[in-house]
Amino acid sequence: MPKAHGHKARKRFGQNFLHDQHVIDKIIRAIHPKDDDRLVEIGPGIGAITEPLLEATGRLDVVELDRDLIPILRTKFFNFPDFTIHEGDALKFDFSQIAGPQQALRIVGNLPYNISTPLIFHLLSHHQQVQDMHFMLQKEVVDRLAAAPGSSDYGRLGIMAQYYCRVEPLFIVGPGSFNPPPKVDSAIVRLVPHQTLPHPAKDVKILEQVVRSAFSMRRKTLRNTLKTLIDADQLSALGIDPTLRPERITLEQYVCIADAISANGDHNEP
Ligand code: SAM
């Protein structure tokens, strides 16, 4: 594996360091950082995006798990007094501790691919404290985030992301822009939490349970996958064909199913 700043990229931390200045510039233009932004970067690595972000705003919090990178980051950015490193796991990090009461966070990151899906779910749970998020992800994950009903990419990740956020895929980045190069294409996506949820569920936990159950066997019909939660007659009464597969159901319809289950009060706890 190649070394940068004397650091050997570690596979277990999902380390693929960006080195392509053209891509870095494009990401920064997409983020469009402003002076008073409350920016947080997940996984700064050796600082490819960190540096231009700091130059733009002078103030940045980062969360980095690999403790060997901490001294490298401290040295590189010692002349920025408002650069704060949180050493630890972004999956366990309480983002509300850095969001001010009046100021939502702008979260950015070239995310470690091995944890990107659970990390996005973790961040969605903080949606009220988030202004927007810009992530580099495997292109396939961006396709899933933005997928519409009927597509084979449509599933739990896209539905829950779209429940909370507007999802905007921005551009594709090829493997050659990273060191070491990953095996697949990556893409940048922007997630902007809705100010007002377009389809609010009475109980989001029930919505999550419905979506998880529906997609637990994506080739089966709703009648089968949801049978412990709601029966076929009730689905029909909601105007939803129980013989459909889960990928044909819109977010609005999932919310409608979840609300009917909430009203029944007879759902099974997960
Ligand atoms: N931002 C750098 C860049 O673009 O070159 C590095 C990106 S690299 C794909 C992912 C980074 O996330 C690495 O620095 C890695 O150590 C860090 N990382 C991995 N797992 C993490 C976790 N659970 N919490 C915080 N950072 C993590």
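**Helix 6 and helix 7.** I looked up how helix 6 and helix 7 (residues 204-214) pack in this predicted model, and I found an angle of about 155 degrees with the axes 10 Å apart. Angles over 145 degrees count as roughly antiparallel, so helix 6 is roughly antiparallel to helix 7. I noted the crossing of helix 6 and helix 7 as right-handed, meaning that the near helix is turned clockwise from the far one by less than a right angle. Arg156, Ile159, Met160, Tyr163 and Tyr164 of helix 6 meet Val204, Leu207, Glu208, Val211 and Arg212 of helix 7, where contact is heavy atoms within 4.5 Å. By class, this contact of helix 6 with helix 7 has 7 nonpolar, no polar and 3 charged residues.

**Numbering and confidence.** Residues are numbered from 1 along each chain as its sequence is written. For this predicted model, local features need pLDDT of at least 70 and side-chain atom pairs count only at pLDDT 80 or more, while totals for chains, interfaces and linings use all residues, and side-chain values use heavy atoms, with hydrogens and water left out.

**Helix 5 and helix 6.** I then turned to helix 5 (residues 139-146) and helix 6 (residues 156-164), whose axes come within 6 Å and cross at roughly 60 degrees. Helix 5 and helix 6 are therefore oblique to each other, and helix 5 passes helix 6 in a right-handed crossing. On the helix 5 side I listed Val141, Arg144, Leu145 and Ala146, and on the helix 6 side Leu157, Gly158, Ala161 and Gln162. This contact of helix 5 with helix 6 has 5 nonpolar, 2 polar and 1 charged residues.

**Largest pocket.** I next looked up the open space, and the largest pocket holds about 410 Å³. A pocket here is an open set of points on a 1 Å grid where a 1.4 Å probe fits, with protein on both sides within 12 Å along at least five of seven lines, and lining residues have an atom within 4 Å of a point. Of its 30 lining residues, Phe13, Gly43, Glu64, Asn110 and Pro112 are the closest to the centre. Strand 3 (17-18), strand 4 (39-42) and strand 5 (59-64) are the elements that give two or more residues to this lining, which divides into 17 nonpolar, 9 polar and 4 charged residues.

**Second largest pocket.** I recorded about 300 Å³ for the second largest pocket. Among its 14 lining residues, Lys11, Asn16, Pro181, Pro182 and Lys183 are the closest to its centre, and I counted the lining by class as 7 nonpolar, 5 polar and 2 charged.

Note on methods
Axes fitted to C-alpha atoms, helices over the stretch in contact; angles between N-to-C directions. Helix = DSSP H or I, 4+ residues; strand = E, 2+ residues; numbered from the N terminus. Parallel < 35°, antiparallel > 145°, perpendicular 65-115°, else oblique. Nonpolar A, V, L, I, M, F, W, Y, C, P; charged D, E, K, R; others polar. Points joined across faces, edges and corners; volume = space filled by probe spheres on them.
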